[in-house]
Amino acid sequence: MSCYATSSQRSVWSFSKDEIAQRRKASRNRALTRINAKGLENDALSVEQERTLLCYYERRIVNVVKGMKLPTKSAATAVSYFKRFFLDRSIMDFNPSVVTLSAIYAALKVEETVVEAQVLCEQAPTDGGVAEEIPASVILSVELGFFEALKFQLVCFHPYRSLEALIKQLLDSAQDRDRAAEIGKVAREIITTTAIHTDLQFLYPPAKIALGTLKDAALRIKESLDMTGLLKLILEKEGGGTELLSQLESEVDEIVKELRSCSSYIVEAGKHELMADMETRRRRCSLPENDPQSDIYKLKEKKIAEKRERRHAKKARRAEKKVRRERAELTGVPLEEDDQDDSSEGDESDFQVERPPSPKRAKTGVASVLDLPRNSV
C-alpha cells in the first residue's frame, strides 16, 4: 500500500501559501495580457470571481458524482484533479465544463469505478445552462492532454480515513459519547462540503486536515474538545516528542482558519444567476484555441488529423513498395516505374519540422490535445 510520506502528492503537489499565490498570479497575468490585447478587459473576472467560479465547478463535480450514486472518494479525487489542473492555469483560458468531466472520468478510472464516458456525459446535468453539455468524444479526445497537465501524477490521499480513526479515538475516550458522536458527524460534513474546496490538500497532509476539521466541528457546535490532550495522545502513539505539540497546535489552528475563510465563496457559488453571469463573461473572454467546443479548436484538430492521415498513408505506400521491391529481387522481375526508390520524396513526419526560433516556444515532447504551454505542464 502506498504511503503519503513517499507519495507524488507530497513530492509534486505540496506547496507553501506563497508558492500557490505566485502560481495563480502568473497564470492570471498570462490570461489578462491576452484578454487586454483583444480589448475584452471589461469581461475579465476578478480574483474573487475566478475563485468563486472554480468553487461552483468543484461543487458540480460533487453533485454529478452524488447524482450518479458513485463513491464519495471518486468525487474527492476528481476535485483534487480539477484543483491541480487550475493551479497553474486560469479558468479564463480553459473550458471548466470540459475539465470538470475530464477530472471525473479520470478519477473513476483511478478509483477503479467503471463508468463509460458516454454514460457520464449523458447523465451529467448542465445546471440550468451554466455548465455546457460536453459530448463523450471530447472527453476521450483530451484525455491524454489532461493526464499530461497533471504531470501523470494521479495519486491522491484524502483525510477521510484519518478522520474516522480520530472519531473512534474520541468516542473511546469521551465521557459523553453523544457529544463526541455529534462532533464526528459535523466533522464529516465539513470534510465533504468545505475542506474539499480549500487549498488544504496542497498545504498539509491528510491527517492534519482531519485534526483541523475535528476542532472546527467542535467550535461550530460549541462543544468542548480537549484538542491538546488528543494531540499529546497522538504524539505519544507516533513516538513524537512533546516539543512538537506547540507546532502541531499552531498548524491545526491555521487549518481551522482556512476552513472558515472559504465559506463566502461557497455561499456565492450557490447563487445560480450570479454563476450564469460569470460563466457568460468567461466565455466571451475565453481562449478558443484551448476549448474543444470552439470552431477554431475543431478546425485545428481537423488539420492535425488530416496531416496524420496523410503521413500514415504515405508510410503504408512505402511499406507496400518495399515488399514489391524485395519480391522483385527474389523473382528477377523488373520493377514498374512507380515502384522505384522514392527515398527523395518529402516526408511530412512531425519529427522533421523546422526548429522554433526560441526554446521557450517549443512544444512538449508528448502531443497534447489541449495545446498546453510548456511552462505550465
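Okay, some ground rules. This is a predicted model, so local features need pLDDT of at least 70, side-chain atom pairs count only at pLDDT 80 or more, and totals for chains, interfaces and linings use all residues. Residues are numbered from 1 along each chain as its sequence is written, and side-chain values use heavy atoms, with hydrogens and water left out.

The protein chain averages 81, and 81% of the residues score at least 70. Residues 346–377 are another story: pLDDT stays under 50 there, and the model has 49 contacts beyond four places in sequence for that stretch; contact means heavy atoms within 4.5 Å. Where pLDDT is low, the predicted coordinates should not be read in detail.

Now, the cores. A nonpolar core is a set of buried Ala, Val, Leu, Ile, Met, Phe, Trp, Tyr and Cys residues joined through side-chain atoms within 4.5 Å. Buried is under 20% relative accessible area, exposed is over 50%, and partly exposed is in between, using a 1.4 Å probe and protein chains only. The largest core has 59 residues, and Met-92 and Ile-104 touch the most other members. Helix 5 (residues 96–110) gives the largest share of this core, nine residues. Helices here are DSSP runs of H or I, at least four residues, and strands are E runs of at least two, numbered from the N terminus. Apart from that core lies another, of 30 residues, including Ala-187 and Leu-259.

On to the holes. Points are joined across faces, edges and corners, and a volume is the space filled by probe spheres set on them.

That gives three cavities of 30 Å³ or more. For the classes, Ala, Val, Leu, Ile, Met, Phe, Trp, Tyr, Cys and Pro count as nonpolar, Asp, Glu, Lys and Arg as charged, and the others, Gly among them, as polar.

Then there's the second largest pocket, at about 970 Å³. Of its 30 lining residues, Tyr-4, His-158, Ser-162, Pro-206 and Ala-207 are the closest to its centre. Helix 9 brings the largest share of that lining, six residues. The lining has 18 nonpolar, five polar and seven charged residues.

Last stop, Tyr-4. You'll find Tyr-4 in the segment before helix 1 (8–11). Is Tyr-4 buried or exposed? Tyr-4 has a relative accessible area of 16%, so it counts as buried. Leaving aside neighbours within four places in sequence, its contacts include Phe-157, Tyr-204 and Pro-206. Tyr-4 and Cys-156 sit 152 residues apart in sequence, yet 8.7 Å apart in space, C-alpha to C-alpha.

Notes. pLDDT is the predictor's confidence in each residue, from 0 to 100. On a 1 Å grid over the protein atoms alone, a cavity is a set of points where a 1.4 Å probe fits but cannot get out, and a pocket is an open set with protein on both sides within 12 Å along at least five of seven lines; lining residues have an atom within 4 Å of a point.
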